[in-house]
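Hi everyone, thanks for coming. Let me put the structure up and walk you through a few spots in it.

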Amino acid sequence: MVRKILTYPDPELKKRSLPVAVITDKTRELVRDMAETMYDAPGVGLAAPQIGVHQRIVVIDVSSQEEDPELIVAINPEIVHAEGEAYEEEGCLSVPKFSANVRRHARVVVKMLNLDGEEVVIRADDLLAIAFQHEIDHLDGVLFIDHLSPLKKGLFRKRYQRALEEAKEQLR
């Protein structure tokens, strides 16, 4: 089932998520819903808090449209090693119609559980490394715009407020 994606400035997006203690059928159903929602949006990643569920679960798929989907399900993901630097443009399903360059690590090692409750370690670089960092930030109540300089954050707020007002006008 496709779920509603919360958008900035919803206060739910700023809450820290709790670890998943036990993987149940309800967890599997949530993951299915998250994957459907991410693909429908479309996006390359989605964290549970983005649909109002404060559990440490993310789904990611950075495959191109020409490739078969490669869904990664990460439960209780944790970056255990990071190196290098990347400065790439990011967007977010919870901050529609806005993107900005964000400084991240170029390579990360992520420890997590899969849907069977098995510990998995993934070495990621490039877009996958950025996606992991972006989605894990969501689990901690951090949005990519929180990484912007005060000046860029101020510009974002003004532009975003203007866009929201324009959208309301169009609905009238």
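This is a predicted model: local features need pLDDT of at least 70, side-chain atom pairs count only at pLDDT 80 or more; totals for chains, interfaces and linings use all residues.

Residues are numbered from 1 along each chain as its sequence is written, and side-chain values use heavy atoms, with hydrogens and water left out.

First, aspartate 33, which sits in helix α1, residues 25-40; helices are DSSP runs of H or I, at least four residues, and strands are E runs of at least two, numbered from the N terminus. Aspartate 33 counts as buried, at 5% relative accessibility. Here buried means under 20% relative accessible area, exposed over 50%, and partly exposed in between, with a 1.4 Å probe and protein chains only. A polar atom of its side chain lies 2.9 Å from the backbone nitrogen of methionine 1.

Next, arginine 104, in strand β5, residues 95-104. Arginine 104 is buried too, with a relative accessible area of 7%.

Finally, helix α3, residues 150-171, has 22 residues. Which residues of α3 are buried? They include Lys153, Phe156 and Tyr160. Seen down the axis of α3, the buried residues fall within an arc of 55°, so they line one face of the helix; that arc is taken from the directions from the helix axis to the C-beta atoms. The face turned away from the buried side of α3 carries the exposed residues Leu151 and Lys158.

Definitions and conventions:
A polar contact is a pair of N or O atoms within 3.5 Å; within protein, one must be able to donate a hydrogen and the other to accept it, and residues adjacent in sequence count only if both atoms are side-chain atoms. The expected span of a helix is 1.5 Å times one less than its number of residues.
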